[in-house]
Amino acid sequence: MTKTDWSTWDDFQWRRRIETFGDDDRPVLASGPKGLVDTVCQLGELTDKGRETTLALGERLRHLYVDQLGYMPKIISDADMIYLRATPMARALDSVQQSFIGMYPLSARTASFPPPTIITRAPADETLFPNESNCRRFGQLSRAFAQRTADRWNESKEMDYLNSLISKWMPEDSPRVAVDSHPRISGIMDTINSTLAHGPKTRLPSAFYETKVRDIIDQIGTEEWFSGYKESEEYRKLGIGALVGDIVGRMVGSAEGSGNDGLLEVAGVDGDLGKGRGGESGIKFAMSGCHDTTLAATLSSLGAFEGEKWPPYTSHIAVELFKDESTQSEPSAPATRAPRQTFLGASRKSTKPSSVIMRKQSQDLTAEERAKLDGYFVRLRYNDRPVVVPGCRLPGNHLEGDETFCTLVSISADYQPPQPAKSRQKAFKAIADKFTPRIWTEACGERLDEPTFPQSPEPAGI
């Protein structure tokens, strides 16, 4: 910001060095390989390798949605058709920036391109990752499932095998590798994966990279963190349901043309929201910088993570909304392809919540509301590979001939297919509605004295 014009910003580049404790508590500079001091990251920050891979992700998105499909424009004068969001973690914000630059590099933005809007939340309100620190009930559930994993694996032959190879490097106050050791087994997994991604100068002893060691650690870590989503509707609801509800709500907002597709949050200038700075009347693409726990929680809650390993670095989910052009719709309905939500997924003014669908439960939709959403299909792609939601496999719940295209809502009431009506209630929105909380902040403070495990299995994705 200049001193003479407080309405504009200028650029200021600076060099960061990280200070830490040395001998006798004196300050010393943190250093990396060969004594480097100008390229050292804080724990959890995005490294240069991470910037490289997230930039490449954006380039792949451009190749698909701009070059191949022609869905997004080649050059943009503003980003008000794109919903960008990131968690409070610096690496998530860096990731979404790098991916955006990869998708729309400087050569694809006009000279007058204004700063894009990136949505963030306070940590207490964050639902873009499983927020056990600020959701008391979810904290209870996650600790209970983690303890169950510890009870199941800590004295197992698999854990004994790990200890026979790598326990010699554990600290004296926690000499045995365990689910709940210090560091936890999931922390050891993070270190293994991080060092593998960054070359030989960062490597641990070779025993950590032995194939069986990595497979055991991955299996246990994945169970500890994600088994709850597969087994408990309450776990799904509190851990990731609010985010999935937001995604479905934006797709519904796009389909019904209500302005609730994210445009009201990202478009316009101060005090004049609801229309893009370039006249945009809707969101075409959404990108959120999140975490591995976000991706696996989302897929697990939809029943689409069976047999998967822990998400690799720079993994992403694309949640794509398609429109069947042969389906009759209102004149104002979107064209062939509606917004894509990508994780790392107007002239219309905001309609009053009472007159739009938003998060209204599928079973409560009127025939008129259902007609607005008829002919829309949702597809999930995990790391560029389509995945199937179990409830979408049923006849009538997917595009004929392709189970990966799940109907957004159940079949219109005026159409009577041969299967029972109950089986027609498993379309994508109905599946998501089952674990979308009515008010997440209230649900986080409820059932604190109730059992943490469901009385009977509550399978995901149906």
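In these legends, contact means heavy atoms within 4.5 Å. The model is predicted, so local features need pLDDT of at least 70 and side-chain atom pairs count only at pLDDT 80 or more, while totals for chains, interfaces and linings use all residues. Residues are numbered from 1 along each chain as its sequence is written, and side-chain values use heavy atoms, with hydrogens and water left out.

View 1. Leaving aside residues up to four places away in sequence, Phe428 touches Val248, Met251, Leu302, Val378, Leu380, Val389, Cys406, Thr407 and Leu408. A nonpolar core is a set of buried Ala, Val, Leu, Ile, Met, Phe, Trp, Tyr and Cys residues joined through side-chain atoms within 4.5 Å; buried means under 20% relative accessible area, exposed over 50%, and partly exposed in between (1.4 Å probe, protein chains only). The largest such core has 69 residues, of which Ile217 and Phe428 touch the most other members. Helix α7 (residues 233-256) gives this core its largest share, 11 residues. Another core, of 21 residues, lies apart from it and includes Leu61, Ala79, Met81 and Phe285.

**View 2. Strand β6, covered on both faces.** Helices (H or I, at least four residues) and strands (E, at least two) are DSSP runs, numbered from the N terminus. Because 7 of the 7 residues of β6 (residues 317-323) are buried, the strand is largely enclosed by the rest of the structure. Ile317, Val319, Leu321 and Lys323 are on one side, with Ala318, Glu320 and Phe322 on the other. Strand β8 (residues 376-382) pairs with β6 in the antiparallel sense over 7 bridges; two strands pair if DSSP finds at least two bridges between them. Look for Glu320, whose bridge partner in β8 is Arg379.

**View 3. Helix α2 and what it packs against.** The 14 residues of α2 (residues 90-103) reach 20 Å from first C-alpha to last, close to the 20 Å expected at 1.5 Å a residue; the expected span is 1.5 Å times one less than the number of residues. Among its buried residues are Asp94, Gln98, Phe100 and Met103. The buried residues of α2 pack against α1 (48-68), β3 (82-86), β4 (118-119) and β5 (285-289).

**View 4. Helix α3 and its cover.** Helix α3 (residues 136-153) has 18 residues that should span 26 Å at 1.5 Å a residue, and its end C-alpha atoms are 26 Å apart, which agrees. Its buried residues include Arg137, Phe138, Phe145 and Trp153. Covering the buried residues of α3 are, among others, α4 (157-166), α6 (211-231), α7 and α12 (440-443).
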